Amino acid sequence: MTFVKNAWYVAGWSDEFGHRLHPVRILGEDLVMYRASTGEVAALKDRCPHKLLPLSRGRLIDDRIECGYHGTTFGADGRCTRIPGQPRIPPTARVRAFPVHERHDIVWVWMGDPEKADASAVFDLPQMSDPAWDSHRGDALHIRSGYINVAENLVDPAHVTYVHPTTLGSAAHAAVPVEYETDGDPILAYRWIRDAPPIPLFARLGLFEGNVDRWQYFHLHLPSTAVIDFGSADADPESTGDRRREGVRIFALHFLTPVAANHTIDRWMHIRNTRIGDEEFARALDESFRVAFAEDKNILEAVQIEEEKPRDDEFRLQLAIDPACIAYRARIDELAEAERLP
Ligand code: FES
Ligand SMILES: [Fe+2]
């Protein structure tokens, strides 16, 4: 599995971190995390450099971790502060500390070269801090599939008709061509479906009476955050333009944490410009998302099982719907390759 290390990854929602030791696996690496009494979240490699006991098996004393085997103690910066029975602390007595940044109740960890960690690069969306929009947190969905499969699914409008027929998709989607912008970050796949019935989800929530112009903009931010901007406005046969500011608009955010080669956590949430403060509406929306994302999980886990089987040929059919996925894989390879260069 190709991992990009020089990037911020979601370690969890803020309330997953308290003043206790919390093991987290990201990119196959084991970290131990905790919230110090200053409020800052610390992330250390979850392995004592003495006999390799995971530090998460130790104890948090004040803001330091005491190893559960021989009591060697490390601070939030990874430096050793105490070795029982030994006054001298050698400079090599330390564990790796990972940069952490918390924003919008999400805790991010930088998995690569700490020198390159730039907090201003942590994902943000202006609507997340705009009172005209309502944010609602969903779940942490564990998917037994590699993050590249999961990310591809989130820049792939073509699957929606077939995988999500009761929520997000409809037959009117299937033949509408998708446009792509694959040179930038995010990678974008989008389309407009004009003068068509609302998707089942919007019809069920009573958001529209007649036909709508609707859109799907799938943004995939490298390496693994997806923003799906979708919505509808009352159909206007006069208009062929971008009508996203006129209608009911929802951002479905997916923060993918690659846990290991075949395990991804999809922490998802939504942001919307309608029914602000209406908890019941938010819950109804999330219920439909839950149905849809379980459908994706089902597909992606089946794909992973096939991927892991020994194969007698590597052939994969490429289709006209694939440009964003192809670009995504190429960009991940480029980023990973650049990290390997001296
Ligand atoms: S294994 Fe941690 S102090 Fe010995
Ligand atoms: Fe999907």
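How many bridges pair β9 and strand β10 in the antiparallel sense? Four, with β10 spanning residues 106-110. Strands here are DSSP E runs of at least two residues, numbered from the N terminus. Two strands pair if DSSP finds at least two bridges between them. His 101 has Trp 108 in β10 as its bridge partner.

This is a predicted model, in which local features need pLDDT of at least 70, side-chain atom pairs count only at pLDDT 80 or more, and totals for chains, interfaces and linings use all residues. Residues are numbered from 1 along each chain as its sequence is written, while chains are lettered from A and ligands numbered from 1 in the order in which they are written.

Now the sheet. Three strands form an open sheet in the order β1-β10-β9, with antiparallel pairing. At the edges lie β1 (8-13) and β9 (100-103), each pairing on one side only. Neighbouring strands are turned by 30° against each other on average, direction ignored; the axes are lines fitted to C-alpha atoms.

Next, the interior. A nonpolar core is a set of buried Ala, Val, Leu, Ile, Met, Phe, Trp, Tyr and Cys residues joined through C-beta atoms within 7 Å. Buried means that 20 or more other C-beta atoms lie within 10 Å of a residue's own, with C-beta atoms placed from the backbone. The largest nonpolar core has 74 residues. Among those touching the most other members are Met 33, Val 109 and Val 155. Strand β16 (residues 248-260) gives the most to this core, with eight residues. Domain 1 (8-120) and domain 2 (126-336) both contribute residues, so this core lies between them. A second, separate core of five residues includes Leu 168 and Phe 202.

Note on methods: Buried ≥ 20, exposed ≤ 12 C-beta atoms within 10 Å, placed from the backbone. Domains from an automatic or database assignment. Axes fitted to C-alpha atoms, helices over the stretch in contact; angles between N-to-C directions.
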